[in-house]
Amino acid sequence: MNTLVRSAVRCLRVDTVCRTGRADGQVFASARLLCAAAGQRDFAEMVKKDKVVVFMKGTPAQPMCGFSNAVVQILRMHGVDEYAAYNVLDDQDLRQGVKAFSNWPTIPQVFFNGEFVGGCDILLQMHQNGDLVEELRKLGIRSALLDAEKGEKSK
């Protein structure tokens with residue numbers, strides 16, 4: 001019985017996902033029971049559940065590394081406030097598993113509609129060259145930067 005309880009608790013702890021709130025920056029945590037057995041995950045399912053998914057160090061409200069913070073800030077700049085964020089610092093299996101799944105050695109990792117986009121460097125490059133606005137449009141997300149540009153041009 002003790003093993004069953006430990007497995008259930010581990011499953012809850014491991015598969016906790018943080019969802020950002022709207023503009024106020026609130027973070028809501030909700031437990032997901034995605035694992036059939038403790039420690040096993042279906043990464044393909046995890047990255048398809050939401051339009052934007054970020055595996056990061058820390059949470060959107062409290063990033064624990066500069067690269068994760070940069071990803072959060074880029075998404076915020078574009079008005080992307082609703083996305084799933086998984087804290088890889090909570091679980092080494094999650095951290096190593098997502099690296100193996102994406103075949104990408106570093107964290108953070110960003111996924112759009114289940115497709116791996118890249119890490120901080122790729123997202124920053126997409127932001128700088130304008131590709132991020134187009135990729136967000138494909139997801140049905142209007143970049144807040146488009147509205148900011150309109151406001152500046154009308155002055």
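How many salt bridges does the structure hold? The structure holds four salt bridges, a salt bridge being a side-chain nitrogen of Lys or Arg within 4 Å of a carboxyl oxygen of Asp or Glu. The model shown is predicted, so local features need pLDDT of at least 70, side-chain atom pairs count only at pLDDT 80 or more, and totals for chains, interfaces and linings use all residues. Residues are numbered from 1 along each chain as its sequence is written, and side-chain values use heavy atoms, with hydrogens and water left out.

**Figure 1. The salt bridge between Arg41 and Asp91.** In this pair the closest N and O atoms are 2.4 Å apart. Arg41 lies in the loop between strand 2 (27-31) and helix 2, and Asp91 lies in the loop between strand 4 and helix 4. The pair thus links distant parts of the chain, 50 residues apart. Helices (H or I, at least four residues) and strands (E, at least two) are DSSP runs, numbered from the N terminus. Arg41 and Asp91 are both buried; buried means under 20% relative accessible area, exposed means over 50%, and partly exposed means in between, with a 1.4 Å probe and protein chains only. Side chains of opposite charge can pair when their charged atoms come close.

**Figure 2. Salt bridges of Glu134 with Arg137 and of Arg142 with Asp147.** Between Glu134 and Arg137, the closest N and O atoms are 2.5 Å apart. Because these two residues are three apart in helix 6 (residues 131-138), about one helical turn separates them. Glu134 is partly exposed at a relative accessible area of 33%, whereas Arg137 is exposed at 52%. In the salt bridge of Arg142 with Asp147, the closest N and O atoms are 3.0 Å apart. Arg142 counts as partly exposed at 46% relative accessibility, and Asp147 is partly exposed with a relative accessible area of 43%.

**Figure 3. Aromatic pairs formed by Phe43 with Phe55 and with Phe101.** The structure holds seven aromatic pairs. Rings of Phe, Tyr and Trp (its six-membered ring) pair if their centres lie within 6.5 Å; planes under 30 degrees apart count as stacked, over 60 as edge-to-face and the rest as tilted. Phe43 and Phe55 form a tilted pair, with 6.1 Å centre to centre and 55° between the planes. This pair links distant parts of the chain, since Phe43 is in helix 2 (residues 43-48) and Phe55 is in strand 3 (residues 52-56), twelve residues apart. Phe43 counts as buried because its relative accessibility is 10%, and Phe55 is buried with a relative accessible area of 0%. Phe43 and Phe101 form a stacked pair, with 5.9 Å centre to centre and 25° between the planes. Here too distant parts of the chain are linked: Phe43 in helix 2 and Phe101 in helix 4 (residues 92-102) are 58 residues apart. Phe101 counts as partly exposed at 36% relative accessibility. Phe43, Phe55, Tyr86, Phe101, Trp104, Phe111 and Phe116 form one aromatic cluster.

**Figure 4. Strand 3 and its pairing with strand 5.** Strand 3 is mostly covered, with five of its five residues buried. In a regular strand the side chains alternate between the two faces of the sheet. Val52, Val54 and Met56 point one way from strand 3, while Val53 and Phe55 point the other way. Four bridges join strand 3 to strand 5 (residues 109-112), and the two run antiparallel; two strands pair if DSSP finds at least two bridges between them. Val54 stands opposite Val110 in strand 5.

**Figure 5. Strand 4 beside strand 3.** Strand 3 and strand 4 run parallel and are joined by four bridges. Val53 stands opposite Ala84 in strand 4. From strand 3 the chain crosses through helix 3 (residues 66-77) to strand 4, and this β-α-β crossover is right-handed. A crossover is right-handed if, with the strands pointing away from the viewer, the path from the first strand over the helix to the second runs clockwise. The bridge partner of Met56 in strand 4 is Asn87. Both faces of strand 4 (residues 84-87) are covered, as Ala84 and Tyr86 on one side and Ala85 and Asn87 on the other are all buried.
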